[in-house]
Amino acid sequence: MRFLMRIELPTQQEKPAIGSPGFEDQLTRVYLAAGARSAYSNCVDGRRTDVIVIEVEDIRELTPRAKLIFEFLNVRPTILPETGNADHFGF
């Protein structure tokens with residue numbers, strides 16, 4: 001099963017480590033440890049928001065994967081199923 005994990009990153013004022021050298025490498029390692037197949041960044045309401053695509057065999061794997069993100073960034077990711085089905089939208 002594929003899921004989208006939406007992560008709203010804290011600002012540098014909220015988490016000073018964000019501006020430190022090597023932060024992006026650390027973030028990449030955390031995303032990979034969480035099982036990211038791909039990652040996308042955007043700006044939503046003036047904040048960096050990443051979306052990673054993860055694949056799990058068992059839905060119970062979602063909590064430990066989200067916990068990795070929470071422990072690193074101190075944010076709660078939003079998890080949505082990824083249908084990958086264009087028919088869902090009537091296309």
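A polar contact is a pair of N or O atoms within 3.5 Å; within protein, one must be able to donate a hydrogen and the other to accept it. Keep that cut-off in mind for the first stop. One caution before you start: this is a predicted model.

**Stop 1: Asp-50**

Select Asp-50, in strand β3. Is Asp-50 buried or exposed? Asp-50 has a relative accessible area of 0%, so it counts as buried. Now show its side chain together with that of Arg-48. The two side chains make a polar contact of 3.0 Å. Next, display what surrounds Asp-50. Beyond its neighbours within four places in sequence, its contacts include Met-5, Ile-7, Leu-27, Tyr-31 and Tyr-40.

**Stop 2: helix α1**

Move to α1, residues 23-33. Select its buried residues: Phe-23, Leu-27, Val-30 and Tyr-31. Look down the axis. These residues cover an arc of only 100°, which means that they sit on the same side of α1. Which elements cover them? The cover includes β1, β2 (36-44), β3 and α2. Turn to the face pointing away from the buried side. There you find the exposed residues Arg-29, Leu-32 and Ala-33. Then step just past the helix to Gly-35, which has a positive phi of about 95°.

**Stop 3: the aromatic pair**

How many aromatic pairs does a search of the whole structure find? The search finds 1. Select Phe-23 and Phe-72. Their ring centres are 5.7 Å apart and their planes meet at 15°, so the pair is stacked. Phe-23 belongs to helix α1 and Phe-72 to helix α2; 49 residues separate them, and the pair links distant parts of the chain. Both Phe-23 and Phe-72 are buried. Lys-15 lies over the face of Phe-72, 5.8 Å from the ring centre.

**Stop 4: the nonpolar core**

In soluble globular proteins, nonpolar side chains tend to be buried together. Here, the largest nonpolar core has 20 residues. Select Ile-7, Tyr-31, Ile-69 and Leu-73, the members that touch the most others. The largest share, 5 residues, comes from α2.

Finish on Leu-73. Leaving out residues up to four places away in sequence, Leu-73 touches Ile-7, Leu-9, Pro-10, Lys-15, Phe-23 and Leu-27.

Methods
Residues are numbered from 1 along each chain as its sequence is written. This is a predicted model: local features need pLDDT of at least 70, side-chain atom pairs count only at pLDDT 80 or more; totals for chains, interfaces and linings use all residues. Side-chain values use heavy atoms; hydrogens and water are left out. A nonpolar core is a set of buried Ala, Val, Leu, Ile, Met, Phe, Trp, Tyr and Cys residues joined through side-chain atoms within 4.5 Å. Buried means under 20% relative accessible area, exposed over 50%, partly exposed in between (1.4 Å probe, protein chains only). Helices (H or I, at least four residues) and strands (E, at least two) are DSSP runs, numbered from the N terminus. Contact means heavy atoms within 4.5 Å. The arc is that of the directions from the helix axis to the C-beta atoms. Rings of Phe, Tyr and Trp (its six-membered ring) pair if their centres lie within 6.5 Å; planes under 30 degrees apart count as stacked, over 60 as edge-to-face and the rest as tilted. A charge sits over a ring if NZ of Lys or CZ of Arg is within 6 Å of the ring centre and within 35 degrees of the ring normal.
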